[in-house]
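Trainee: Could we go through this one together? I'd like to start with a helix and then move on to the sheet.

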Amino acid sequence: MSRTALVTGGSRGIGAAISVALKKAGFNVAANYAGNDEAASKFTAETGIKTYKWSVADYDACADGIAKVEAELGPVDVLVNNAGITRDAPFHRMSREQWMEVINTNLNGVFNMTHPLWNGMRERKFGRVITISSINGQKGQFAQANYSASKAGDLGFTKALAQEGARNGITVNAICPGYIATDMVMAVPEKVREGIIAQIPVGRLGEADEIARCVVFLASDEAGFITGSTISANGGQYFA
Ligand code: NDP
């Protein structure tokens, strides 16, 4: 019997690569997204993976969306908390809105998605919760007090919840990508991007597939002894 995986922000960028890799590995996959209908329809047409629109920042929308996915694909065994945004500004210019939007999506969104699924995973004695944090949650980043705080929060969440899930066959892990060639990073001005690449020991940006392969490993039944862990995939840029 195939297991079901739900990937937030699963129709673009790293999330799209994760959805496709999980499908290839034999999972039934549902890909959530926020609002880019065009990208979602294109993704479904190209991959056959169904997409579901709601904001992870809205608890009730998450509960409703999850219920719809489970009615169509069966209980969710693997949750990949991938949806994330940036609203960068140096702190002296950061607005309350920029702070709240990022916390609501990147940190509260992880609660909003994991909480409605948790009891089902406990009852079935199996679950995989995999959260895409960031190198900038490990080391901090200029003009990203909001983003770094949200991603560091994801790591604390992971370590705490791993302890609660352990006796029920649920593993909770995080992946901290370095700089990956997606829309988020390609939106950075070229000069800044060149500066970023110069600081990556392997001398290039990462590929979304390189993160997806880590997710497939953590999602597998064979990874049951790994919980509360953080996999850093950053081209040698930072060791934590
Ligand atoms: P992209 O901007 O390319 O894609 C983001 C995805 O998240 C989109 O599918 C988007 O949906 C979705 N999304 C955004 N907000 C919400 C929301 N409120 N509810 C549901 N879905 C939402 O991002 P990346 O692929 O680059 O990043 C994916 C994850 O990896 C993020 O958590 C990011 O912080 C993290 N990361 C990325 C790095 C990088 O170098 N790219 C480095 C380290 C971490 P829609 O298509 O509808 O807009």
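Trainee: How many of the 12 residues of H1 are buried?

Mentor: Bearing in mind that this is a predicted model, 10 of the 12 residues of H1 are buried, so the helix is largely enclosed by the rest of the structure.

Trainee: Which residues of H1 are the buried ones?

Mentor: They are Gly13, Ile14, Gly15, Ala16, Ala17, Ile18, Ser19, Val20, Ala21 and Leu22.

Trainee: And how far apart are the end C-alpha atoms of H1?

Mentor: They lie 17 Å apart, which agrees with the 16 Å that the 12 residues, 13-24, should span at 1.5 Å a residue. Just after H1, glycine 26 takes a positive phi of about 105°.

Trainee: Switching to the sheet, what is the order of its strands?

Mentor: The sheet is open and has seven strands, ordered E3-E2-E1-E4-E5-E6-E7 with parallel pairing. Strand E3 (50-53) and strand E7 (230-233) are at the edges with a single partner strand each, so one side of each has no neighbour in the sheet. From one strand to the next, the twist averages 20°.

Trainee: What joins E2 to E3?

Mentor: Four bridges join strand E2, residues 28-33, to E3, and the two run parallel; the bridge partner of alanine 31 in E3 is threonine 51.

Trainee: Which strands does helix H4 lie across?

Mentor: Helix H4, residues 96-124, lies across E4, E5 and E6, running at about 160° to E4, while helix H6, residues 145-165, lies across E5, E6 and E7 and runs at about 160° to E6.

Methods
Residues numbered from 1 in each chain as written. Predicted model: local features only at pLDDT ≥ 70, side-chain atom pairs only at ≥ 80, totals over all residues. Expected span 1.5 Å × (residues − 1). Buried ≥ 20, exposed ≤ 12 C-beta atoms within 10 Å, placed from the backbone. Pairing = 2+ DSSP bridges. Axes fitted to C-alpha atoms, helices over the stretch in contact; angles between N-to-C directions. Contact = placed C-beta atoms within 7 Å.
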